[in-house]
Amino acid sequence: MLSNLKAQPADKILALMAKFKEDPRSTKIDLGVGVYKNAQGVTPVMRAVKEAERRLVAEQTSKSYVGLAGDPAYANAMIDLVLSDSVARDNIAAVATPGGTGAVRQAFELVKMANPAARVFVSNPTWPNHVSILKYLGIETIAYRYFDSETRAVDFEGMLADLTEAREGDVVLLHGCCHNPTGANLNLTQWQSVVDLINEKGLIAMIDIAYQGFGDGLEEDAAATRLVASSVKECLIAGSCSKNFGVYRERTGILMAISDDNTDTKLVQGSLNFLNRQNFSFPPDHGARVVTTILTDPELRADWAAELEETRLGMLALRQQLADELQRLSGSDRFGFLAQHRGMFSQIGTTPDMVEKLRADNAIYMVGDSRMNIAGLNADTVPVLAKAIIDAGI
Ligand code: PMP
């Protein structure tokens with residue numbers, strides 16, 4: 001049996017990580033993997049996370065199962081963080097999931113369960129795992145135009161035109177903030193137009209929010225998600241705590257399903273619980289409990305928010321430094337988009353050959369689609385990257 005297995009395509013980002021590790025050049029720069037790193041190249045455990053873990057170790061008296069949906073306090077804390085009071089709590093069903101990936105997976109499974117005919121519209125490009133999971137589940141996927149490779153901003157006209165092709169019941173997957181991989185995002189007026197189209201055509205909104213607090217601030221980054229959630233009939237939200245709490249390996253995510261008053265939230269909740277039961281039974285608890293501890297303790301929450309804000313501002317400063325340096329070297333404003341993009345990533349919009357050239361000539365590693373992780377830079381490596389980009393003729 002096992003010898004019948006076919007080799008699966010390697011995850012490109014994980015393959016790049018391995019290649020970086022093997023590179024003996026001491027000047028190498030890793031802009032590939034999607035993990036936050038500080039100026040020392042370290043992915044730190046956040047102060048509030050350390051403290052919450054200390055408390056947990058001291059106070060936890062049992063490791064017995066919690067519940068299929070996870071701890072209700074976690075769901076409440078996350079609903080408050082992402083949605084604030086934009087949606088009535090009674091209309092939200094939620095389950096803890098193993099990371100944001102788990103939430104995305106369960107959301108797609110829920111779509112398939114509720115409407116096997118639904119197609120899922122994804123941005124071109126999107127986080128590759130969206131497409132990969134959809135393919136694995138046999139869900140028809142349609143890419144809508146998103147990134148304008150000339151302006152490196154959103155091709156909003158193209159996006160709307162493509163979404164107009166969606167049929168009633170189709171799902172539109174949107175990145176709540178800090179679009180991965182491009183870094184280009186809609187403004188709130190554009191979000192409103194998307195909401196109008198969703199309502200006009202009877203589409204289902206799905207939002208993946210994995211970087212709240214990495215773009216314009218915790219509240220600002222949730223604004224689009226809140227707008228959509230409060231304005232459409234039904235909405236799925238896949239949330240991740242991996243980045244904004246730095247708890248990547250703890251697998252801490254949440255799926256929220258919002259329905260209107262005509263649907264019994266208990267029915268939706270039951271289906272979410274069922275899906276968890278089929279796939280892994282109880283979701284991981286440690287990261288969720290740490291997050292809950294932080295969000296429900298005013299002091300810890302304030303300290304977490306402050307550290308997250310430092311992180312965000314650090315990335316923005318690197319963006320500005322890189323845009324300035326490229327402006328200086330090129331004598332043009334064509335790299336100004338780097339300071340406009342938000343989140344950990346920017347797609348610089350060059351060819352795989354150029355990306356390979358940067359790797360071969362300068363030991364600079366970015367994903368083949370020219371996505372770079374801004375957090376992989378520091379004040380010293382920004383000029384190195386800028387010079388390499390100009391030398392390569394990008
Ligand atoms: N969605 C997007 C857009 C992401 O970039 C990521 C992380 N790479 C995730 C979801 C899920 O992350 P995790 O499963 O690690 O929480």
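The C-alpha centres of domain 1 and domain 2 lie 28 Å apart. Those bounds come from an automatic or database domain assignment. It gives domain 1 as 12-45 + 313-391, and domain 2 as 65-296.

A word on the source. This is a predicted model: local features need pLDDT of at least 70, side-chain atom pairs count only at pLDDT 80 or more, and totals for chains, interfaces and linings use all residues. Residues are numbered from 1 along each chain as its sequence is written, and side-chain values use heavy atoms, with hydrogens and water left out.

Now the interface. The contact (heavy atoms within 4.5 Å) takes 18 residues from domain 1 and 18 residues from domain 2. What area is buried between domain 1 and domain 2? About 1,500 Å², and carbon and sulfur atoms give 57% of that. Buried area here is the accessible area, with a 1.4 Å probe, that two parts lose on being put together, summed over both. On the domain 1 side, look at Arg342, Phe345 and Gln347. They supply 35% of the area that domain 1 buries against domain 2, more than any other three residues.

Next, charges. A salt bridge is a side-chain nitrogen of Lys or Arg within 4 Å of a carboxyl oxygen of Asp or Glu. Across this interface the rule finds 1 salt bridge. Aspartate 216 and arginine 342 have side chains that meet in a salt bridge, at 2.8 Å, N to O.

On to helix H2, residues 47-59. Helices are DSSP runs (H or I, at least four residues), numbered from the N terminus. H2 has 13 residues and reaches 18 Å from its first C-alpha to its last. That is close to the 18 Å expected at 1.5 Å a residue; the expected span is 1.5 Å times one less than the number of residues.

Which residues of H2 are buried? Ala48, Val49, Ala52, Glu53 and Leu56. Seen down the axis of H2, the buried residues fall within an arc of 135°, so they line one face. The arc is that of the directions from the helix axis to the C-beta atoms. Buried means under 20% relative accessible area, exposed over 50%, partly exposed in between (1.4 Å probe, protein chains only). The buried residues of H2 pack against helix H10 (286-296) and helix H11 (298-330). The face turned away carries exposed Arg54, Val57 and Ala58.

Last stop: aspartate 71. It sits in the loop between H2 and helix H3 (72-83). Aspartate 71 counts as buried, at 17% relative accessibility. Not counting residues up to four places away in sequence, aspartate 71 touches Val66 and Arg289.

Methods
Helix = DSSP H or I, 4+ residues; strand = E, 2+ residues; numbered from the N terminus.
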